[in-house]
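Please read this note with the sequence and the structure open beside you. The points are meant to be checked one at a time.

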Amino acid sequence: MRKFATLSLTGGSCALSCSYCSSHYISSMEGAMSVDEFEKSVRRMNSHGVKGFLVSGGFDKEGSLHIRKYLPIMRRLKKELGVVFNVHPGIQERDVVEEMSDAVDIVDFEFTFTDAEIKEKGLRRSSVDYVKMLDLLVSRGPKYVVPHVMVGIPNDDPSVAIREASSFHPYMINILVMIPTKGTVSERYDMPSVDQALEMIKLSSSLNRTSLGCMRPFPLKKELDARAMEYVDRIANPHPSLREKMEIYDACCSLPEEFLGEFKVRS
Ligand code: SF4
C-alpha cells in the first residue's frame with residue numbers, strides 16, 4: 001500500500017519547455033486540476049492509506065505553479081486528516097509564500113540560479129528573482145525549505161548555486177542530476193559523469209545537509225548511489241543493490257524527521 005503520492009495541479013501541461021523535461025516528468029502524475037478534484041483525490045487516496053502528497057505541476061511563463069487557490073483546502077485537509085504536503089511552487093508573491101506557511105509542510109524549490117539553467121528553462125527571469133524567493137521562503141514561508149540544484153546542464157557551474165543556496169542555511173539541499181531525456185532537447189546532451197555529480201554532492205554536503213534526489217540517470221545509479229552514501233542523508237529511490245544497507249521510507253526524500261515515522265517501510 002502506498003503512503004506517499006504525487007499530484008499535478010496542471011495535469012500534463014506546462015507553459016515552459018525545459019530542455020530536460022518538456023512536460024515529460026509531470027505527465028505520469030495524477031492530475032488534480034481544480035480545487036474540488038484536488039480535495040476528492042486527497043480524500044480518496046488518504047482513505048487507502050496515503051499520508052503524504054507531492055503537489056507539483058507545470059509552471060506558467062514566469063516560472064510559477066498556480067498554487068494560491070489550493071491553499072485553503074490544503075490547510076483544511078492537513079488539520080482534518082493530518083496529511084503532509086510537499087509543494088513545488090516555483091516563484092510566488094510574498095502573500096502566497098506567507099499563506100503557504102501553515103498550509104504546506106515542505107517547499108521543494110527549484111533553485112534556478114545560474115544563467116545556463118535559466119536559459120535551459122526558457123525563463124524570463126534572473127538569478128536575483130530566485131535569490132529573493134529563497135530569502136522569502138526561508139524568512140516568511142513554511143518551516144522546511146529544500147532548494148534543489150541540478151548538476152549536468154551543459155556549460156553550467158552548479159557550484160555557485162550550491163554555495164548561494166547554502167548561505168541561507170536551508171533545512172536541506174537536494175541535488176539532482178540531469179537526465180538526457182528522449183523526445184526533449186536534452187537527448188542530444190552528454191550524460192553527466194558520476195565524478196561530476198559526486199563533486200557537487202561533496203561540496204553541498206560540506207556546506208549543508210544534503211539529499212540525492214529522484215532525478216538522476218539510471219546508468220549512473222549503481223556507482224553514484226554507492227559513492228554518494230558517505231556524503232548524503234537521503235537517497236531517493238536508491239539502487240536496489242544498496243537497499244539492504246538503508247532504512248527505507250515510502251516518501252519524498254525531503255521529508256523532515258518529525259514526519260518520517262509514518263512513512264517507514266523497513267528499518
Ligand atoms: S517547468 Fe517543470 S514541468 Fe515544466 S517543463 Fe520545466 S521541469 Fe517540466
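The points below go through the sheet, the helices and the surroundings of the ligand.

1. This is a predicted model, in which local features need pLDDT of at least 70 and side-chain atom pairs count only at pLDDT 80 or more, while totals for chains, interfaces and linings use all residues. Residues are numbered from 1 along each chain as its sequence is written.

2. Nine strands form an open sheet with parallel pairing, in the order β2-β1-β3-β4-β5-β6-β7-β8-β9. Strands β2 (30-31) and β9 (234-235) stand at the edges with a single partner strand each, so one side of each is left without a neighbour in the sheet. Strands here are DSSP runs of E with at least two residues, helices are runs of H or I with at least four residues, and both are numbered from the N terminus; two strands pair if DSSP finds at least two bridges between them.

3. Within this sheet, strand β4 (residues 84-87) pairs with strand β5 (residues 106-110) in the parallel sense over two bridges, and N86 stands opposite I106 in β5.

4. Helix α1 (residues 35-47) packs with helix α2 (residues 71-81) at an angle of about 20°, and their axes are 11 Å apart. Axes are lines fitted to C-alpha atoms, for helices over the stretch in contact, and angles run from 0 to 180 degrees between N-to-C directions. The two helices α1 and α2 are therefore roughly parallel to each other, a term that covers angles under 35 degrees. On the side of α1 the contact is made by V35, F38, E39, V42 and N46, and on the side of α2 by I73, L77 and L81; residues are in contact if their C-beta atoms, placed from the backbone, lie within 7 Å. These residues divide into six nonpolar, one polar and one charged, where Ala, Val, Leu, Ile, Met, Phe, Trp, Tyr, Cys and Pro count as nonpolar, Asp, Glu, Lys and Arg as charged, and the others, Gly among them, as polar.

5. Helix α7 (residues 194-207) and helix α8 (residues 218-228) pack at an angle of about 30°, with axes 10 Å apart. In this contact V194, A197, L198 and I201 of α7 meet L220, E223, L224, R227 and A228 of α8, and the residues divide into seven nonpolar, no polar and two charged.

6. The ligand is surrounded by residues including C14, S17, Y25, F59 and K121, each having its C-beta atom, placed from the backbone, within 6 Å of the ligand. The shell divides into seven nonpolar, four polar and one charged.

Notes:
Angles under 35 degrees count as roughly parallel, over 145 as roughly antiparallel, 65 to 115 as roughly perpendicular and the rest as oblique. Two residues are in contact if their C-beta atoms, placed from the backbone, lie within 7 Å.
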